[in-house]
Amino acid sequence: MELTVNLGKNSYSIFIEPGILKNAETYISQVFQGKRIIIISDDNIYPLYGKTLINALPSYECHSLVLPHGETTKSFDTLPQIYAAMLEKKITRSDLVIALGGGVIGDLAGFAAASYLRGVKFVQIPTSLLAQVDSSVGGKVAVDLPQGKNLIGAFYHPKLVIIDPDMLNTLPPRYITDGMGEVIKYGCIKDASLFDVLSSHTSFEDLKDQLPSIIYRCIDIKRIIVEADQFDTGERMLLNFGHTLAHTIEHYCHYERESHGEAVAIGMYQITKISEKAGLTASGEAEKICRILKTYGLPCECGLPISDLTDAIEFDKKNLDGHLNVVLLRKIGDSYIYPTNLHFFKTAGGI
Ligand SMILES: NC(=O)c1ccc[n+]([C@@H]2O[C@H](COP(=O)([O-])OP(=O)(O)OC[C@H]3O[C@@H](n4cnc5c(N)ncnc54)[C@H](O)[C@@H]3O)[C@@H](O)[C@H]2O)c1
Ligand SMILES: O=C(O)C(=O)C[C@@H](O)[C@H](O)[C@H](O)COP(=O)(O)O
Ligand SMILES: [Zn+2]
(Lines give C-alpha, C1' and ligand atoms only; values in the text may rest on other atoms or scores of the structure.)
(Ligands and ions follow the chains in the order given, each with its own letter.)
Protein backbone atom coordinates (compact mmCIF):
# COMPACT_ATOMS: atom_id res chain seq x y z
CA MET A 1 0.00 0.00 0.00
CA GLU A 2 1.25 3.48 -0.83
CA LEU A 3 0.17 6.95 0.21
CA THR A 4 1.58 10.32 -0.80
CA VAL A 5 1.57 13.35 1.46
CA ASN A 6 1.14 16.22 -1.00
CA LEU A 7 3.06 19.23 0.27
CA GLY A 8 4.57 20.66 -2.91
CA LYS A 9 8.37 20.46 -2.72
CA ASN A 10 8.09 18.66 0.64
CA SER A 11 5.84 15.85 -0.66
CA TYR A 12 6.76 12.32 0.30
CA SER A 13 5.58 8.74 0.00
CA ILE A 14 4.62 6.29 2.71
CA PHE A 15 4.90 2.58 1.94
CA ILE A 16 3.10 0.06 4.15
CA GLU A 17 3.91 -3.58 3.55
CA PRO A 18 4.75 -6.56 5.77
CA GLY A 19 8.43 -7.49 5.25
CA ILE A 20 9.29 -4.23 3.44
CA LEU A 21 12.33 -3.59 5.70
CA LYS A 22 14.35 -6.12 3.72
CA ASN A 23 13.75 -4.08 0.55
CA ALA A 24 14.63 -0.73 2.11
CA GLU A 25 17.19 0.15 -0.58
CA THR A 26 14.63 -0.06 -3.38
CA TYR A 27 12.66 2.74 -1.75
CA ILE A 28 15.51 4.76 -0.22
CA SER A 29 17.42 4.90 -3.51
CA GLN A 30 14.44 6.74 -5.04
CA VAL A 31 14.85 9.67 -2.62
CA PHE A 32 18.55 9.57 -1.73
CA GLN A 33 21.43 9.49 -4.19
CA GLY A 34 24.24 10.14 -1.63
CA LYS A 35 26.60 7.65 -0.05
CA ARG A 36 26.63 7.95 3.72
CA ILE A 37 23.80 7.12 6.11
CA ILE A 38 23.53 7.42 9.89
CA ILE A 39 20.93 5.15 11.48
CA ILE A 40 19.64 6.47 14.81
CA SER A 41 17.90 3.89 16.96
CA ASP A 42 17.48 2.71 20.55
CA ASP A 43 18.93 -0.18 22.51
CA ASN A 44 15.77 -2.31 22.25
CA ILE A 45 15.21 -1.88 18.53
CA TYR A 46 18.70 -1.82 17.09
CA PRO A 47 19.64 -5.35 18.27
CA LEU A 48 16.43 -6.63 16.65
CA TYR A 49 16.50 -4.79 13.31
CA GLY A 50 19.81 -2.92 12.92
CA LYS A 51 21.59 -5.70 11.08
CA THR A 52 18.62 -6.44 8.80
CA LEU A 53 18.45 -2.78 7.83
CA ILE A 54 22.19 -2.48 7.16
CA ASN A 55 22.13 -5.69 5.09
CA ALA A 56 19.24 -4.22 3.15
CA LEU A 57 21.34 -1.16 2.23
CA PRO A 58 24.40 -2.72 0.50
CA SER A 59 25.11 0.29 -1.73
CA TYR A 60 25.57 2.72 1.16
CA GLU A 61 28.17 3.38 3.85
CA CYS A 62 26.08 2.91 7.02
CA HIS A 63 26.90 4.22 10.50
CA SER A 64 24.79 3.80 13.62
CA LEU A 65 24.02 5.63 16.83
CA VAL A 66 22.20 3.59 19.47
CA LEU A 67 20.60 5.51 22.33
CA PRO A 68 18.93 4.32 25.54
CA HIS A 69 15.21 3.58 25.04
CA GLY A 70 12.46 5.65 26.67
CA GLU A 71 11.02 9.15 26.72
CA THR A 72 13.84 10.59 28.85
CA THR A 73 16.12 10.11 25.84
CA LYS A 74 13.89 12.52 23.87
CA SER A 75 15.46 15.36 25.76
CA PHE A 76 17.18 18.55 24.69
CA ASP A 77 20.23 17.23 26.58
CA THR A 78 20.60 14.25 24.21
CA LEU A 79 21.11 16.48 21.17
CA PRO A 80 24.83 17.27 21.65
CA GLN A 81 25.57 13.54 21.67
CA ILE A 82 23.72 13.11 18.37
CA TYR A 83 25.40 16.10 16.73
CA ALA A 84 28.79 14.83 17.97
CA ALA A 85 28.18 11.40 16.39
CA MET A 86 27.09 13.04 13.13
CA LEU A 87 30.22 15.18 13.08
CA GLU A 88 32.44 12.22 13.93
CA LYS A 89 30.94 10.21 11.06
CA LYS A 90 31.42 13.23 8.79
CA ILE A 91 27.74 13.49 7.94
CA THR A 92 27.19 16.34 5.47
CA ARG A 93 24.15 17.84 3.80
CA SER A 94 24.43 15.27 1.04
CA ASP A 95 24.01 12.40 3.54
CA LEU A 96 20.98 10.83 5.17
CA VAL A 97 19.60 10.23 8.67
CA ILE A 98 17.39 7.18 9.19
CA ALA A 99 15.19 7.12 12.30
CA LEU A 100 14.74 3.44 13.12
CA GLY A 101 12.46 3.33 16.12
CA GLY A 102 9.30 4.39 17.89
CA GLY A 103 8.00 7.90 18.38
CA VAL A 104 10.85 8.81 20.71
CA ILE A 105 13.54 8.07 18.11
CA GLY A 106 11.46 9.51 15.25
CA ASP A 107 10.89 12.84 17.03
CA LEU A 108 14.47 13.09 18.31
CA ALA A 109 16.35 11.97 15.18
CA GLY A 110 13.96 14.09 13.10
CA PHE A 111 14.79 17.19 15.16
CA ALA A 112 18.50 16.42 14.98
CA ALA A 113 18.19 16.08 11.18
CA ALA A 114 16.24 19.36 10.98
CA SER A 115 18.81 21.32 12.95
CA TYR A 116 22.18 19.74 12.05
CA LEU A 117 23.83 21.89 9.35
CA ARG A 118 20.40 23.59 9.08
CA GLY A 119 18.90 20.40 7.70
CA VAL A 120 19.90 17.03 6.34
CA LYS A 121 17.55 14.56 4.65
CA PHE A 122 15.83 12.01 6.84
CA VAL A 123 13.75 8.87 6.44
CA GLN A 124 11.38 7.42 9.01
CA ILE A 125 11.28 3.66 9.62
CA PRO A 126 8.75 3.51 12.47
CA THR A 127 8.84 0.37 14.61
CA SER A 128 6.10 0.89 17.22
CA LEU A 129 2.36 0.89 16.55
CA LEU A 130 2.14 4.49 17.72
CA ALA A 131 4.89 5.54 15.32
CA GLN A 132 3.35 3.58 12.42
CA VAL A 133 -0.13 5.09 12.86
CA ASP A 134 0.86 8.60 13.84
CA SER A 135 4.27 10.02 14.71
CA SER A 136 6.26 9.06 11.59
CA VAL A 137 3.94 11.13 9.38
CA GLY A 138 3.31 14.86 9.43
CA GLY A 139 6.72 16.31 10.12
CA LYS A 140 6.34 17.31 13.77
CA VAL A 141 9.77 16.65 15.27
CA ALA A 142 10.67 17.67 18.81
CA VAL A 143 12.51 17.20 22.07
CA ASP A 144 11.34 17.75 25.64
CA LEU A 145 12.54 20.37 28.11
CA PRO A 146 12.43 20.00 31.91
CA GLN A 147 9.47 22.45 31.77
CA GLY A 148 7.37 20.32 29.41
CA LYS A 149 6.92 18.01 26.46
CA ASN A 150 7.86 18.76 22.84
CA LEU A 151 8.72 22.35 23.72
CA ILE A 152 11.62 22.58 21.26
CA GLY A 153 10.87 21.37 17.76
CA ALA A 154 10.28 22.02 14.12
CA PHE A 155 8.07 21.09 11.20
CA TYR A 156 10.49 19.01 9.16
CA HIS A 157 9.23 16.33 6.84
CA PRO A 158 10.88 13.01 6.11
CA LYS A 159 11.73 12.20 2.50
CA LEU A 160 10.08 8.81 2.89
CA VAL A 161 8.29 6.65 5.46
CA ILE A 162 8.75 2.87 5.34
CA ILE A 163 6.22 0.96 7.46
CA ASP A 164 6.74 -2.74 8.07
CA PRO A 165 3.86 -4.06 10.21
CA ASP A 166 5.84 -7.30 10.78
CA MET A 167 8.10 -5.31 13.10
CA LEU A 168 5.19 -5.08 15.52
CA ASN A 169 5.62 -8.81 16.26
CA THR A 170 8.42 -7.93 18.69
CA LEU A 171 6.72 -4.88 20.22
CA PRO A 172 5.97 -5.49 23.93
CA PRO A 173 2.20 -5.74 24.64
CA ARG A 174 2.22 -2.54 26.69
CA TYR A 175 3.25 -0.59 23.59
CA ILE A 176 0.68 -2.27 21.38
CA THR A 177 -1.86 -0.95 23.88
CA ASP A 178 -0.11 2.43 23.85
CA GLY A 179 -0.44 2.71 20.07
CA MET A 180 -4.14 1.84 20.26
CA GLY A 181 -4.61 5.11 22.17
CA GLU A 182 -3.75 7.08 19.02
CA VAL A 183 -5.70 4.67 16.76
CA ILE A 184 -8.83 5.29 18.86
CA LYS A 185 -8.09 9.03 18.64
CA TYR A 186 -8.45 8.87 14.83
CA GLY A 187 -11.85 7.20 15.19
CA CYS A 188 -12.94 9.85 17.71
CA ILE A 189 -11.88 12.91 15.72
CA LYS A 190 -12.73 11.96 12.13
CA ASP A 191 -13.97 8.45 11.50
CA ALA A 192 -17.02 7.07 13.30
CA SER A 193 -16.88 3.94 11.14
CA LEU A 194 -13.30 3.23 12.30
CA PHE A 195 -14.54 3.71 15.87
CA ASP A 196 -17.32 1.19 15.16
CA VAL A 197 -14.88 -1.33 13.67
CA LEU A 198 -12.68 -1.00 16.76
CA SER A 199 -15.73 -1.29 19.05
CA SER A 200 -16.85 -4.48 17.32
CA HIS A 201 -13.65 -6.32 18.30
CA THR A 202 -12.87 -7.68 21.72
CA SER A 203 -9.10 -7.17 21.87
CA PHE A 204 -6.04 -6.28 19.81
CA GLU A 205 -5.48 -9.98 19.01
CA ASP A 206 -8.94 -10.09 17.51
CA LEU A 207 -8.11 -7.09 15.30
CA LYS A 208 -4.61 -8.13 14.27
CA ASP A 209 -5.35 -9.42 10.77
CA GLN A 210 -6.74 -5.99 9.84
CA LEU A 211 -3.67 -4.14 11.07
CA PRO A 212 -2.19 -2.97 7.73
CA SER A 213 -5.54 -1.50 6.71
CA ILE A 214 -6.01 0.16 10.11
CA ILE A 215 -2.53 1.71 9.87
CA TYR A 216 -3.42 2.92 6.36
CA ARG A 217 -6.70 4.42 7.57
CA CYS A 218 -5.12 6.37 10.44
CA ILE A 219 -2.31 7.70 8.30
CA ASP A 220 -4.69 8.66 5.53
CA ILE A 221 -6.69 10.77 7.99
CA LYS A 222 -3.47 12.38 9.22
CA ARG A 223 -2.31 12.98 5.63
CA ILE A 224 -5.51 14.84 4.74
CA ILE A 225 -5.30 17.02 7.86
CA VAL A 226 -1.59 17.79 7.42
CA GLU A 227 -2.08 18.67 3.76
CA ALA A 228 -4.79 21.14 4.81
CA ASP A 229 -2.86 22.69 7.71
CA GLN A 230 0.80 21.72 7.72
CA PHE A 231 1.79 24.26 10.37
CA ASP A 232 -0.85 23.53 13.00
CA THR A 233 -2.73 26.80 12.91
CA GLY A 234 -6.26 25.37 12.64
CA GLU A 235 -7.55 21.99 11.47
CA ARG A 236 -4.34 20.18 12.50
CA MET A 237 -5.06 20.96 16.15
CA LEU A 238 -7.72 18.23 15.92
CA LEU A 239 -4.85 15.69 15.98
CA ASN A 240 -4.20 16.96 19.50
CA PHE A 241 -7.47 15.55 20.86
CA GLY A 242 -6.74 14.34 24.41
CA HIS A 243 -3.22 15.78 24.34
CA THR A 244 -3.66 18.90 26.51
CA LEU A 245 -4.16 16.68 29.55
CA ALA A 246 -1.93 13.89 28.21
CA HIS A 247 1.19 16.04 27.98
CA THR A 248 0.65 17.45 31.46
CA ILE A 249 0.14 13.96 32.94
CA GLU A 250 3.30 12.64 31.26
CA HIS A 251 5.34 15.63 32.42
CA TYR A 252 3.89 15.68 35.94
CA CYS A 253 4.80 12.00 36.41
CA HIS A 254 8.30 12.51 34.94
CA TYR A 255 7.48 10.11 32.05
CA GLU A 256 7.71 7.23 34.54
CA ARG A 257 4.06 6.21 34.81
CA GLU A 258 1.72 6.60 31.83
CA SER A 259 3.14 6.15 28.33
CA HIS A 260 2.11 8.72 25.70
CA GLY A 261 -0.76 6.59 24.36
CA GLU A 262 -2.02 5.80 27.86
CA ALA A 263 -1.94 9.49 28.77
CA VAL A 264 -3.79 10.35 25.53
CA ALA A 265 -6.43 7.76 26.46
CA ILE A 266 -7.00 9.43 29.84
CA GLY A 267 -6.97 12.87 28.19
CA MET A 268 -9.58 11.90 25.57
CA TYR A 269 -12.00 10.43 28.09
CA GLN A 270 -11.57 13.15 30.72
CA ILE A 271 -11.94 16.10 28.34
CA THR A 272 -15.02 14.49 26.81
CA LYS A 273 -16.50 13.99 30.28
CA ILE A 274 -15.92 17.68 31.11
CA SER A 275 -17.29 18.73 27.73
CA GLU A 276 -20.36 16.52 28.05
CA LYS A 277 -21.12 18.01 31.45
CA ALA A 278 -20.87 21.49 29.91
CA GLY A 279 -23.31 20.50 27.15
CA LEU A 280 -20.62 20.75 24.46
CA THR A 281 -20.68 17.05 23.50
CA ALA A 282 -23.67 14.78 22.89
CA SER A 283 -24.47 12.80 26.00
CA GLY A 284 -23.18 9.24 26.25
CA GLU A 285 -20.03 9.81 24.16
CA ALA A 286 -17.60 9.84 27.12
CA GLU A 287 -18.94 6.46 28.21
CA LYS A 288 -18.44 5.03 24.68
CA ILE A 289 -14.84 6.26 24.75
CA CYS A 290 -14.22 4.75 28.18
CA ARG A 291 -15.66 1.40 27.01
CA ILE A 292 -13.46 1.20 23.92
CA LEU A 293 -10.36 2.25 25.87
CA LYS A 294 -10.98 -0.55 28.36
CA THR A 295 -11.45 -3.07 25.53
CA TYR A 296 -7.91 -2.34 24.39
CA GLY A 297 -6.45 -2.27 27.92
CA LEU A 298 -6.14 1.50 28.17
CA PRO A 299 -6.85 3.61 31.28
CA CYS A 300 -9.60 6.25 31.59
CA GLU A 301 -8.28 7.96 34.70
CA CYS A 302 -5.03 8.51 36.58
CA GLY A 303 -6.11 9.59 40.07
CA LEU A 304 -4.49 13.04 39.97
CA PRO A 305 -6.11 16.28 41.19
CA ILE A 306 -6.57 18.64 38.26
CA SER A 307 -5.06 21.46 40.36
CA ASP A 308 -1.68 19.69 40.12
CA LEU A 309 -1.81 19.69 36.32
CA THR A 310 -3.02 23.13 35.35
CA ASP A 311 0.41 24.86 35.49
CA ALA A 312 1.77 22.75 32.62
CA ILE A 313 -1.41 23.30 30.56
CA GLU A 314 -0.16 26.85 29.97
CA PHE A 315 2.68 25.42 27.84
CA ASP A 316 0.20 23.69 25.52
CA LYS A 317 0.92 24.80 21.95
CA LYS A 318 -2.78 25.42 21.40
CA ASN A 319 -2.55 28.16 24.03
CA LEU A 320 -2.48 31.29 21.84
CA ASP A 321 -2.22 34.77 23.29
CA GLY A 322 -3.71 33.66 26.61
CA HIS A 323 -6.57 31.82 24.92
CA LEU A 324 -6.50 28.08 25.35
CA ASN A 325 -7.91 26.06 22.46
CA VAL A 326 -9.14 22.60 23.31
CA VAL A 327 -10.28 19.85 20.97
CA LEU A 328 -13.78 18.56 21.70
CA LEU A 329 -16.17 16.15 20.04
CA ARG A 330 -19.69 17.07 18.99
CA LYS A 331 -20.07 13.33 18.79
CA ILE A 332 -17.77 10.41 17.94
CA GLY A 333 -16.16 11.11 14.54
CA ASP A 334 -16.96 14.83 14.62
CA SER A 335 -14.40 17.04 16.37
CA TYR A 336 -13.98 20.79 16.72
CA ILE A 337 -11.72 23.40 18.28
CA TYR A 338 -13.21 25.23 21.25
CA PRO A 339 -11.58 28.44 22.55
CA THR A 340 -11.69 28.52 26.34
CA ASN A 341 -9.50 29.08 29.42
CA LEU A 342 -8.04 27.15 32.34
CA HIS A 343 -11.33 27.32 34.21
CA PHE A 344 -12.69 24.77 31.74
CA PHE A 345 -10.43 22.12 33.31
CA LYS A 346 -10.89 23.28 36.89
CA THR A 347 -14.50 22.08 36.83
CA ALA A 348 -13.14 18.51 36.71
CA GLY A 349 -11.77 18.16 40.26
CA GLY A 350 -9.83 14.93 39.90
CA ILE A 351 -9.15 13.04 36.72
N1 LIG B 1 5.62 13.61 16.01
C2 LIG B 1 4.38 13.22 16.18
O3 LIG B 1 3.49 13.53 15.38
C4 LIG B 1 4.04 12.32 17.35
C5 LIG B 1 2.80 11.68 17.37
C6 LIG B 1 2.52 10.85 18.44
C7 LIG B 1 3.47 10.65 19.45
N8 LIG B 1 4.67 11.27 19.36
C9 LIG B 1 5.71 11.03 20.38
O10 LIG B 1 6.07 9.65 20.29
C11 LIG B 1 6.61 9.24 21.54
C12 LIG B 1 6.04 7.90 21.93
O13 LIG B 1 6.35 6.97 20.92
P14 LIG B 1 6.32 5.40 21.21
O15 LIG B 1 5.07 5.06 21.95
O16 LIG B 1 6.62 4.72 19.95
O17 LIG B 1 7.48 5.22 22.29
P18 LIG B 1 8.97 4.67 22.17
O19 LIG B 1 9.66 5.19 20.99
O20 LIG B 1 9.57 4.90 23.51
O21 LIG B 1 8.75 3.10 21.93
C22 LIG B 1 8.09 2.35 22.95
C23 LIG B 1 8.97 1.20 23.46
O24 LIG B 1 8.92 0.13 22.54
C25 LIG B 1 10.23 -0.24 22.12
N26 LIG B 1 10.08 -0.65 20.71
C27 LIG B 1 9.68 0.13 19.68
N28 LIG B 1 9.53 -0.61 18.58
C29 LIG B 1 9.83 -1.88 18.91
C30 LIG B 1 9.81 -3.11 18.21
N31 LIG B 1 9.41 -3.20 16.94
N32 LIG B 1 10.21 -4.23 18.88
C33 LIG B 1 10.57 -4.16 20.19
N34 LIG B 1 10.56 -3.03 20.92
C35 LIG B 1 10.20 -1.91 20.28
C36 LIG B 1 11.09 0.97 22.35
O37 LIG B 1 12.44 0.61 22.55
C38 LIG B 1 10.46 1.54 23.63
O39 LIG B 1 10.94 0.87 24.76
C40 LIG B 1 6.29 10.34 22.52
O41 LIG B 1 7.45 11.08 22.78
C42 LIG B 1 5.28 11.20 21.80
O43 LIG B 1 5.34 12.53 22.23
C44 LIG B 1 4.97 12.11 18.33
O1 LIG C 1 0.79 15.58 14.34
C2 LIG C 1 0.15 16.29 15.11
O3 LIG C 1 -0.20 17.44 14.82
C4 LIG C 1 -0.25 15.78 16.45
O5 LIG C 1 -0.73 16.54 17.27
C6 LIG C 1 -0.03 14.33 16.73
C7 LIG C 1 0.08 13.99 18.21
O8 LIG C 1 -0.34 12.63 18.34
C9 LIG C 1 1.50 14.07 18.75
O10 LIG C 1 1.57 13.56 20.05
C11 LIG C 1 2.22 15.40 18.63
O12 LIG C 1 3.61 15.23 18.87
C13 LIG C 1 1.77 16.43 19.63
O14 LIG C 1 2.32 17.64 19.25
P15 LIG C 1 2.35 18.96 20.10
O16 LIG C 1 2.33 20.02 19.05
O17 LIG C 1 1.15 19.01 20.99
O18 LIG C 1 3.61 18.92 20.88
ZN1 LIG D 1 0.13 11.92 20.34
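Where is the place of Asn10? Asn10 sits in the loop that runs between β1 and β2. This is a predicted model, so everything below describes that prediction. In the model, Asn10 is partly exposed, as 14 other C-beta atoms lie within 10 Å. Asn10 and Gly139 are 129 residues apart along the chain, and their C-alpha atoms are separated by 9.9 Å.

Let's step back to the whole chain. It is divided into domain 1, residues 2-170, and domain 2, residues 178-349. Taken over C-alpha atoms, the centres of domain 1 and domain 2 are separated by 26 Å. Where the two meet, domain 1 contributes 25 residues to the contact and domain 2 contributes 25 residues.

On the side of domain 1 that touches domain 2, at least two residues come from each of β1 (2-5), β2 (12-16), α5 (129-135) and β8 (148-155). Helix α5 gives the largest share of that side, with 5 residues. By residue type, the side of domain 1 that touches domain 2 has 14 nonpolar, 8 polar and 3 charged residues.

Which residues come nearest to ligand 1? They are Asn44, Gly102, Gly103, Ser128 and Ser135, out of 32 residues around this ligand. Helices α2 (45-55), α4 (103-115), α5, α6 (173-190) and α11 (260-277) are the elements that give two or more residues to the shell.

The shell around ligand 1 is made up of 9 nonpolar, 15 polar and 8 charged residues. Ligand 1 lies between domain 1 (2-170) and domain 2 (178-349), because both of them give residues to its shell.

## The surroundings of ligand 2

Ligand 2 has its own set of neighbours, including Asp134, Lys140, Asn150, Glu182, Arg236, His243 and Lys317. The shell around ligand 2 divides into 2 nonpolar, 4 polar and 6 charged residues.

Why does ligand 2 lie between domain 1 and domain 2? The reason is that domain 1 (2-170) and domain 2 (178-349) both give residues to the shell around ligand 2.

UniProt, in an unreviewed entry, lists Glu182, His243 and His260 under "binding site". These residues span 79 residues in sequence, yet no two of their C-alpha atoms are more than 10.2 Å apart, so they gather at one spot.

Glu182 belongs to helix α6. Is Glu182 buried or exposed? Glu182 is buried, with 27 other C-beta atoms within 10 Å. Leaving aside neighbours within four places in sequence, Glu182 is in contact with Leu130, Val133, Asp134, Gly261 and Val264. His243 is found in helix α10, which covers residues 243-252. His243 is buried too, with 26 other C-beta atoms within 10 Å. Not counting residues up to four places away in sequence, His243 touches Val264 and Gly267.

Gly103 is part of helix α4 and counts as buried, with 27 C-beta neighbours inside 10 Å. Beyond residues up to four places away in sequence, Gly103 touches Ser128, Leu130, Ala131, Ser135 and His260. His260 is also one of the residues listed with Glu182 and His243 in the UniProt annotation.

Thr127 is found in the loop between β6 (121-126) and α5. With 30 C-beta neighbours inside 10 Å, Thr127 counts as buried. The contacts of Thr127, leaving aside neighbours within four places in sequence, are Ile45, Tyr49, Leu100, Gly101, Gly102 and Met167.

## The nonpolar core

The largest nonpolar core has 109 residues, of which Ile40, Val97 and Leu100 touch the most other members. At least three residues of this core come from each of domain 1 (2-170) and domain 2 (178-349).

What is Val97 in contact with, leaving aside its neighbours within four places in sequence? Its partners are Ile38, Ile40, Ala109, Ala112, Ala113, Val120 and Phe122.

Key. Residues are numbered from 1 along each chain as its sequence is written. Chains are lettered from A and ligands numbered from 1 in the order in which they are written. This is a predicted model: local features need pLDDT of at least 70, side-chain atom pairs count only at pLDDT 80 or more; totals for chains, interfaces and linings use all residues. Domain bounds come from an automatic or database domain assignment. Two residues are in contact if their C-beta atoms, placed from the backbone, lie within 7 Å. Helices (H or I, at least four residues) and strands (E, at least two) are DSSP runs, numbered from the N terminus. Ala, Val, Leu, Ile, Met, Phe, Trp, Tyr, Cys and Pro count as nonpolar, Asp, Glu, Lys and Arg as charged, and the others, Gly among them, as polar. A residue is near a molecule or strand if its C-beta atom, placed from the backbone, lies within 6 Å of it. UniProt positions are given in the numbering used here, feature names are shortened, and annotations may be inferred rather than shown by experiment. A residue is buried if 20 or more other C-beta atoms lie within 10 Å of its own, exposed if 12 or fewer, and partly exposed in between; C-beta atoms are placed from the backbone. A nonpolar core is a set of buried Ala, Val, Leu, Ile, Met, Phe, Trp, Tyr and Cys residues joined through C-beta atoms within 7 Å.
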